[in-house]
Amino acid sequence: MRFILYLIFILLSVPTFSETEIPEMNTKNGYVEPFKMFDNVYYVGDKWVSSYAVETSSGLVIIDTLDFPYSKWIPINLQKLGLEDKAVTHIIATHGHSDHVGGAQYLQSMYNSKVIMTKKGLELSIEQSEKSKGKNKFLPPEVDTFAEDDSNILIGGTNFKFYLTPGHTEGDLSVDFFVEDNGKPYRAFVIGGHGVNFQKPELAKKFFASMKRIKKIAMDSPLVTVNLSNHPHKNNLFSNRDKVGKDGGLNPFISDTNFFNFVDQQVGLATKKFEESSNTSKSN
């Protein structure tokens, strides 16, 4: 019944959401000029949250969609990159927080895209949607495919492998696929959520288990050498962008160690936070 009421709300609200003003594209608002990372991957996110456009033979796959209305920058960014004539066939949401799924329904309505996320991710996006207000009010997307653990989907010749990796939220979805640099394939990985959630003790335990599992999966041959973090400051995205064309022409987004250092760093930060929380509880 709740879902039916939401569908009615979506149908009545689409014109209102489409008429929301596009936020001013400036540094204060976190706007970042889009750029090409690989032959088939482009950055279309902002200063704080990542959004990637993956080009396949059948069109584009957008991974994460920013908060609404900042998601309205994504079509503009695609145009700046010369990709405006490409179909956006699919949208993948790594989890249900508004900064990752807030623009999914807007882009879906614009491009008639199929949305892929987890069931728990959709449940959280509905909760977040109900709490969203004013210019940041957004609607949850209509999900075409609920990703299952250790499943995959072939989109235009590009295979996307999915893993359920709860810990940041219950519905974290990690994505494993190949990018290309000068025609050579490299294995890339997007961790669905890399910040531990200590508000729910059981979820915190799942975080450590998920990070351990991710590291093991990433070590399978061929090794993961591209860290597509869903927050740009977590994978030195902008400093690496500034290195493009230097260092003898090597792509700075490719590294044998970056992804694994990143996982170890997140586990280390979570462990420290866990110990601080435990010490505080004992002192009380």
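This is a short tour of a predicted model, stop by stop.

Local features here need pLDDT of at least 70 and side-chain atom pairs count only at pLDDT 80 or more, while totals for chains, interfaces and linings use all residues of the predicted model. Residues are numbered from 1 along each chain as its sequence is written, and side-chain values use heavy atoms, with hydrogens and water left out.

Strands (E, at least two residues) and helices (H or I, at least four) are DSSP runs numbered from the N terminus; two strands pair if DSSP finds at least two bridges between them.

Next, select residues 41–43 and 52–56. Strands S2 and S3 pair here in the antiparallel sense over three bridges. Click on Tyr42: its bridge partner in S3 is Ala53.

**Salt bridges**

The whole structure holds nine salt bridges, each a side-chain nitrogen of Lys or Arg within 4 Å of a carboxyl oxygen of Asp or Glu. Buried means under 20% relative accessible area, exposed over 50%, and partly exposed in between (1.4 Å probe, protein chains only).

Select Glu55 and Lys86. Their closest N and O atoms are 3.0 Å apart. The pair links distant parts of the chain, 31 residues apart: Glu55 is in strand S3, and Lys86 is in the loop between H2 and strand S5 (88–92). Glu55 counts as buried at 19% relative accessibility, whereas Lys86, at 34%, counts as partly exposed.

Move to Lys80 and Glu33, whose side chains meet at 3.0 Å, N to O. Lys80 lies in helix H2 (residues 73–80) and Glu33 in the loop between helix H1 (2–18) and S1, 47 residues apart. Lys80 is partly exposed at 43%, and Glu33 is partly exposed at 47%.

Finish at Lys205 and Glu202, joined by a salt bridge of 3.6 Å, N to O. Both lie in helix H6 (residues 201–218), three residues apart, about one turn of the helix. Lys205 and Glu202 are both exposed.
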